[in-house]
Amino acid sequence: RMHRILEYYNFMSMTTADDLNGRNASGNIMLTLSSDDESNMDVHADEYTRSSMQQQQVEAVVALMDAYLGEVASDSKLGAAQFCSLVGVLPAGARQSADGLYRAIDIFLRSHRDSGACMERERLCEALDFAKLSPAACSHAARNERLPLRAVLAVLHMEQSHLRRAV
């Protein structure tokens, strides 16, 4: 499954608006447009439309990957190193929101309390961009006992900077 997700992400990152009605390198149909959709599409799409479509596709892959991480996080046979490698599959800038990743990491830490060495937990939390957490996720993370102290301090710092900007 992971190979297909990566293949899809790599394909979508190289896709332009002209390529959308095609197949990827493995022959899977990525998106099919009806004739009505094709007639409504502007043949001379500007760069904004292309980047907007690509951004939507990247967001869909991120949502799929975060859901997958949330599902496999509770697997007792999944080690911290394996989970870290899954987390690192997507580039850091791909996520508009880090809530899905935070949820997956929290599930992993809750399911693997026994094997949670401090270094492994810190390595997991390095992937989180605390600036991209929603206020509700920041509030939960600030009280989360499973997170390493460094991560909790980073969350508290982000909350404080949000409060300063609001005042």
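Reader: Why does Leu 149 count as exposed?

Author: A residue is called exposed when its relative accessible area is over 50%, buried when it is under 20%, and partly exposed in between, with a 1.4 Å probe and protein chains only. Leu 149 has 62% relative accessibility, so Leu 149 counts as exposed. This is a predicted model, in which local features need pLDDT of at least 70 and side-chain atom pairs count only at pLDDT 80 or more, while totals for chains, interfaces and linings use all residues. Residues are numbered from 1 along each chain as its sequence is written, and side-chain values use heavy atoms, with hydrogens and water left out.

Reader: Where does Leu 149 lie, and which residues make the nonpolar surface patch?

Author: Leu 149 lies in helix 8, residues 149-166, where a helix is a DSSP run of H or I with at least four residues, numbered from the N terminus. Leu 149, Leu 153 and Leu 156 make a nonpolar surface patch of about 300 Å². For such a patch, residues need over 30% relative accessible area and no salt bridge, and nonpolar side chains (Val, Leu, Ile, Met, Phe, Trp, Tyr) are joined within 5 Å, whereas like charges are joined within 9 Å. The areas come from the Shrake-Rupley method with a 1.4 Å probe, and for residues only the protein chains shown count as cover.

Reader: What makes the pair of Asp 66 and Arg 95 a salt bridge?

Author: A salt bridge needs a side-chain nitrogen of Lys or Arg within 4 Å of a carboxyl oxygen of Asp or Glu. The closest N and O atoms of Asp 66 and Arg 95 are 2.7 Å apart, and the pair therefore meets that limit. Asp 66 belongs to helix 3 (residues 47-72) and Arg 95 to the loop between helix 4 and helix 5, so the pair links distant parts of the chain, 29 residues apart. The side chains also make a polar contact at 2.7 Å, a term for N or O atoms within 3.5 Å; within protein, one atom must be able to donate a hydrogen and the other to accept it, and residues adjacent in sequence count only if both are side-chain atoms.

Reader: How do you know whether Arg 95 is buried or exposed?

Author: The relative accessible area of Arg 95 is 6%, and Arg 95 is therefore buried. Among the residues that Arg 95 touches are Val 62, Leu 69 and Lys 132, not counting residues up to four places away in sequence, where contact means heavy atoms within 4.5 Å.

Reader: What does the salt bridge between Asp 106 and Arg 146 tie together?

Author: The two side chains meet at 2.9 Å, N to O. Asp 106 lies in helix 5 and Arg 146 in the loop between helix 7 and helix 8, so the pair ties together parts 40 residues apart in sequence. Asp 106 is called buried because its relative accessible area is 5%, whereas Arg 146, with 21%, is partly exposed. Asp 106, Arg 110 and Arg 146 are linked in a network of salt bridges.

Reader: How do you know on which side of helix 7 the buried residues lie?

Author: In helix 7, Ala 137, Cys 138 and Ala 141 are buried. These residues cover an arc of only 100 degrees around the axis, which puts them on the same side of helix 7; the arc is that of the directions from the helix axis to the C-beta atoms. Pro 135 and Ala 136, on the other side of helix 7, are exposed. The buried residues pack against helix 5 and helix 8.

Conventions
Helices (H or I, at least four residues) and strands (E, at least two) are DSSP runs, numbered from the N terminus.
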